[in-house]
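Please keep the structure open while reading.

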Amino acid sequence: MTARSSSGVLVRAANLIGALTIAVALCAPTSARAWDETKYPNFGGQWKRPPGIGNQFDQTKPPREAQKVEFTPEYQKIFEENLKDQGLGGQGTDPTYQCLPDGMPRAMNVIFPLEIIITPNTTYMLIEYLTMQRRVFTDGRDFPEEFPPSFMGYSIGKWIDEDGDGKYDVLEIETRHLKHPRSYDASGAPLHFNAKTIVKERIYLDKANPNVLRDDITVYDDALVRPRVSNKRYDRELRPLVWVEAICPEGNPYVQLEGEIYMRAADGKLMPAKKGQRPPDLQHFTEGANR
């Protein structure tokens, strides 16, 4: 009785293993057909800004003051006051001196090189500057109604076959749920404080040169009179030798006291960061520490 029972268990176990083996064998070719990397564009390698292009949102214009932004009257005033402060040596409305991430859309200025990794359900963008990472979900999901905002936001993408050859040419992306404060670039051109920015992108290889990547960016923001458009270009390094690690707090000289920004000199002492700046009330801090 016992022997027959043990034999039955062994038979059932063998049948189960056989069924699992068949299932795995049947699923394997299906998975291979579902993910065919040849259908996707080759975004591999290291992507860099073209020579002569700095930290500027619009690559066709010089940085800082020459960057033309069509702001509402309220935000035009904020932008002009920012430029005056920067002219004196201050930071204006550029928040990145505090080592805050660039966020979107500024992250796509690509100060340090960019790497793009395509997988079946998510495309990853790894930006070396401040180790910023983007996840672009391409699995057909919708935006969550409530989601904690972040500097890089929540991105949903869709692959497009524009010429009908059965291969994808363009990755369309929409990014929402962005955190404030952010600016477009070092000019300090601000985005609205309500943090309702929507960024739309079309990323594709240049048809004349596959080692050039294009990113057409359109920003919808309540600080703007109309959407702001930027057509970016990145050049490919096929065999990158260097990926730079940029840790912002390391060597950051800026110190904020009582709402004022100062600098830390080479000897470790505070120094003014702009012309005519009042000195910090260090006695106030000393008295507070001695209480």
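How many aromatic pairs does the structure hold? This predicted model holds 12 aromatic pairs.

## A tilted pair

Phe-43 and Trp-159 form a tilted pair, because their ring planes meet at 40° with the centres 6.0 Å apart. Phe-43 lies in the loop between helix H1 (2–34) and strand S1 (46–48). Trp-159 belongs to strand S5, so the pair ties together parts 116 residues apart in sequence.

Both Phe-43 and Trp-159 are buried. Together with Tyr-40 and Tyr-168, Phe-43 and Trp-159 form one aromatic cluster.

## An edge-to-face pair

Phe-147 and Tyr-154 have ring centres 4.7 Å apart. Their planes stand at 75°, so this pair is edge-to-face. Phe-147 counts as partly exposed, at 38% relative accessibility. Tyr-154 counts as buried, at 9%.

## Charges over rings

Arg-141 places its charged end over the ring of Phe-137, 3.8 Å from the ring centre. The charged end of Arg-228 sits over the ring of Tyr-184, 4.5 Å from the centre of that ring.

## Thr-138

Thr-138 is found in the loop between strand S4 (132–137) and strand S5 (154–160). Is Thr-138 buried or exposed? Its relative accessible area is 16%, so Thr-138 is buried, the cut-off being under 20%.

Leaving aside residues up to four places away in sequence, Thr-138 touches Thr-119, Pro-120, Asn-121, Thr-122, Thr-123, Gly-157, Lys-158, Trp-159 and Leu-171. Among these contacts is Trp-159, the partner of Phe-43 in the tilted pair.

Definitions and conventions. Residues are numbered from 1 along each chain as its sequence is written. This is a predicted model: local features need pLDDT of at least 70, side-chain atom pairs count only at pLDDT 80 or more; totals for chains, interfaces and linings use all residues. Side-chain values use heavy atoms; hydrogens and water are left out. Helices (H or I, at least four residues) and strands (E, at least two) are DSSP runs, numbered from the N terminus. Buried means under 20% relative accessible area, exposed over 50%, partly exposed in between (1.4 Å probe, protein chains only). Contact means heavy atoms within 4.5 Å. Rings of Phe, Tyr and Trp (its six-membered ring) pair if their centres lie within 6.5 Å; planes under 30 degrees apart count as stacked, over 60 as edge-to-face and the rest as tilted. A charge sits over a ring if NZ of Lys or CZ of Arg is within 6 Å of the ring centre and within 35 degrees of the ring normal.
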